[in-house]
Amino acid sequence: MLADTAPGTLPNGNPADDLIKDTTTADFRQDVLTESLKQPVLVDFWAPWCGPCKQLTPVLEKAVRAAGGKVKLVKMNIDEHPQIAGQLGVQSIPAVFAFQRGQPVDGFMGALPEGQIKGFIERLVGPIGPSAIDELLQEADSAVADGDAAGAAELYAAVLAQEPDNVAALAALVKLHVSLNDLEGAKRFLSMAPEAKANDPAIAGARAAIELAEQAESLGDVAELSRRVEANPLDHQARFDLALALNARGRQEEAVDQLLEIVRRDRNWNEDGARKQLVQFFEAWGPTDEMTVAGRRRLSSLLFA
């Protein structure tokens, strides 16, 4: 059940945009020491030239938002404000310090994965449940599974109202519009993805879904393609087109069967085209889809038998 909170507001009543801010040497006492008397404050020491910093910051921000107001994040550019980092003995970045009751109590260096950052925060504030954003996404996914496209679209839009660059919601809307044969709408949502997240697995999967739908538009009827394959089992192009047409109609397992048959008969056909198409299917379906898991297993068994 969704928490009864206004858009942009956390369960504790605080505005969501108050959780994360940049600070200066002059403001450090108020932004960090004083604020840490109310709840823990994480300080992210970074610099514009630091590649790992760019990897860490969005993950850190997501984890802080997911904590629902139990912790705040303050970011300090050490190129512009080196004094505090020097006092704390920071020798490499990214470096994150946790302050409580005006004192540094914990910290880490380097770009940790999301799970470890969540664990770090939970050591400070206790277990973190699903955020309001996560609950909206779960409810939207359930609506898709129930065939309620309109309801799902509203929920994904509610997520984007709070997090305009949420790749999970953007990718889901792309795939939702693909399923409704609205490729223009799908492309519009794909174009909203931040350039920095163009290679995110969710966005890559959404892009693949559009490409597959565009390929399927030019294909013939499934029955006709099936007749061509039955008449000539070595007509790999017809079998390949049949796989695309089957996938476009939601018949994933049959699509996998056809492409695996091409791989079995002629691995080198069309420059390994059947295997490459399977990989695109898996990307579009997502890494946890049951047909992706089963298809990858069957492909591996065939390739390494």
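**Reading the fold and its details**

User: How many helices and strands are there in the protein chain?

Analyst: Helices (H or I, at least four residues) and strands (E, at least two) are DSSP runs, numbered from the N terminus. Here the protein chain has 14 helices and 5 strands. Before going on: this is a predicted model, where local features need pLDDT of at least 70, side-chain atom pairs count only at pLDDT 80 or more, and totals for chains, interfaces and linings use all residues. Residues are numbered from 1 along each chain as its sequence is written, and side-chain values use heavy atoms, with hydrogens and water left out.

User: What is the radius of gyration of the protein chain, and what would a compact globule have?

Analyst: The radius is taken over C-alpha atoms, and the globule rule is 2.2 Å times the number of residues to the power 0.38. For 305 residues a compact globule would come out near 19 Å, but this protein chain has 24 Å. The C-alpha trace spans about 80 × 40 × 30 Å along its principal axes.

User: What share of the residues is buried?

Analyst: Buried means under 20% relative accessible area, exposed over 50%, and partly exposed in between (1.4 Å probe, protein chains only). In this protein chain, 45% of the 305 residues are buried.

User: Which contacts in the protein chain join residues at least 24 apart?

Analyst: Contact means heavy atoms within 4.5 Å. Of the contacts between residues at least 6 apart in sequence, 62% join residues at least 24 apart.

User: Now the disulfide: which residues does it join?

Analyst: The general idea is that a disulfide is a covalent bond between the sulfur atoms of two cysteines. The cut-off used is a pair of cysteine sulfur atoms within 2.5 Å. The structure holds 1 disulfide, and it joins Cys 50 to Cys 53, with 2.3 Å from S to S. The link of Cys 50 and Cys 53 is right-handed, with 85° about the S-S bond.

User: Are Cys 50 and Cys 53 buried or exposed?

Analyst: Cys 50 is buried, at a relative accessible area of 3%, and Cys 53 is buried with 3% relative accessibility.

User: What does Gln 277 touch?

Analyst: Start with its place: Gln 277 sits in helix α13 (residues 273–285). Gln 277 is buried, as its relative accessible area is 6%. Leaving aside neighbours within four places in sequence, Gln 277 is in contact with Leu 212, Gln 215, Phe 240, Leu 244 and Leu 259.

User: And where is Leu 190 found?

Analyst: Leu 190 belongs to helix α8 (residues 183–190) and counts as buried at 18% relative accessibility. Not counting residues up to four places away in sequence, Leu 190 touches Val 174, Ile 203, Ala 206, Arg 207 and Ile 210. Leu 190 and Leu 173 are 17 residues apart in sequence, and their C-alpha atoms are 8.5 Å apart in space.

User: Let's turn to the backbone. Which residues does the cis peptide bond join?

Analyst: Look at omega, which is about 0° for the cis bond joining Ile 93 and Pro 94. Pro 94 lies in the loop between α3 (83–87) and β4 (95–100).

User: What is phi of Asn 270, and what is phi of Glu 271?

Analyst: Asn 270 has a positive phi near 50° and is a residue other than glycine. Glu 271 is not a glycine either, yet its phi is positive, about 55°. Asn 270 lies in the loop between α12 (252–265) and α13, and Glu 271 lies in the loop between α12 and α13. Asn 270 is partly exposed at 47% relative accessible area, whereas Glu 271 counts as exposed at 64% relative accessibility.
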